[in-house]
Amino acid sequence: MAEEETLYVAARVSDMPTAHVPSFKVPCSDCSEDVWLTEDMEKYWSKYKIICTICALEITSEGQHQIEIVPENITGLIKYLRSRGRK
Ligand SMILES: [Zn+2]
């Protein structure tokens, strides 16, 4: 029985070397890869566990977590999926 947990998905620095808005780096709480956090999204990441796009995809495929996705996350997710040959 998995507990539901809200996660904040952040784009990996390796996927998006240049942040589009003022951001700073923190490690993913699962794999320690650096991810971008933006100050205006503090209401999300200050409350939730922060994970990268890769870990988010793995976790959601297990269907155990509710994931909070904000617009800033989409770019990283799309880039990642394209890099794996998905549309
Ligand atoms: Zn991760």
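## Overall layout

The chain contains 3 helices and 5 strands. The mean pLDDT over the chain is 79, and 75% of the residues score at least 70. Confidence is highest in strand E2, at a mean of 92, and lowest in strand E5, residues 66-68, at a mean of 65. Where pLDDT is low, the predicted coordinates should not be read in detail.

Two totals describe the chain as a whole. Of its 87 residues, 25% are buried. Among the contacts with a separation of 6 or more, 61% are between residues 24 or more positions apart.

## The nonpolar core

Which residues touch the most other members of the largest nonpolar core? They are Ala 10, Ile 51 and Cys 52, in a core of 16 residues. Several elements each supply at least two residues of this core: strand E1 (6-10), strand E3 (34-38), helix H1 (42-45), strand E4 (49-52) and helix H2 (53-62). E1 gives the most, with 4 residues.

The burial of strand E1 can also be described for the strand as a whole. Of the 5 residues in E1, 4 are buried, so the strand is mostly covered.

## Strand E1 and its surroundings

Strand E1 is paired with strand E4. The two strands run parallel and are joined by 4 bridges.

The residues around E1 can be looked at in turn. Glu 5 belongs to the segment before E1. Is Glu 5 buried or exposed? Glu 5 counts as exposed because 12 other C-beta atoms lie within 10 Å, and a residue with 12 or fewer is classed that way. Along the chain, Glu 5 and Tyr 48 are 43 residues apart, and their C-alpha atoms are separated by 8.3 Å.

Ala 11 lies in the loop between E1 and E2. Ala 11 is buried because 25 other C-beta atoms lie within 10 Å, and the cut-off for buried is 20 or more. Ala 11 and Tyr 80 are 69 residues apart in sequence, while the distance between their C-alpha atoms is 9.1 Å.

## The E2-E3 hairpin

Strands E2 (23-27) and E3 form a hairpin, with 6 residues between them. The pairing of E2 and E3 is antiparallel and extends over 5 bridges. Within it, Val 26 has Val 35 in E3 as its bridge partner.

Ser 32 is in the loop between E2 and E3. Most residues other than glycine have a negative phi. Ser 32 counts as exposed because it has 10 C-beta neighbours inside 10 Å, and the limit for exposed is 12 or fewer.

## The loop between E1 and E2

His 20 is another residue in the loop between E1 and E2. With 11 C-beta neighbours inside 10 Å, His 20 is classed as exposed. The C-alpha atoms of His 20 and Thr 38 are separated by 9.7 Å, and the two residues are 18 residues apart along the chain.

Pro 22 is found in the loop between E1 and E2 as well. Pro 22 is exposed because 9 other C-beta atoms lie within 10 Å. Which residues is Pro 22 in contact with, leaving aside its neighbours within four places in sequence? They are Thr 38 and Glu 39. Pro 22 and Glu 39 are 17 residues apart in sequence, and their C-alpha atoms are 7.3 Å apart in space.

Methods:
Residues are numbered from 1 along each chain as its sequence is written. This is a predicted model: local features need pLDDT of at least 70, side-chain atom pairs count only at pLDDT 80 or more; totals for chains, interfaces and linings use all residues. A nonpolar core is a set of buried Ala, Val, Leu, Ile, Met, Phe, Trp, Tyr and Cys residues joined through C-beta atoms within 7 Å. Two residues are in contact if their C-beta atoms, placed from the backbone, lie within 7 Å. Two strands pair if DSSP finds at least two bridges between them. pLDDT is the predictor's confidence in each residue, from 0 to 100.
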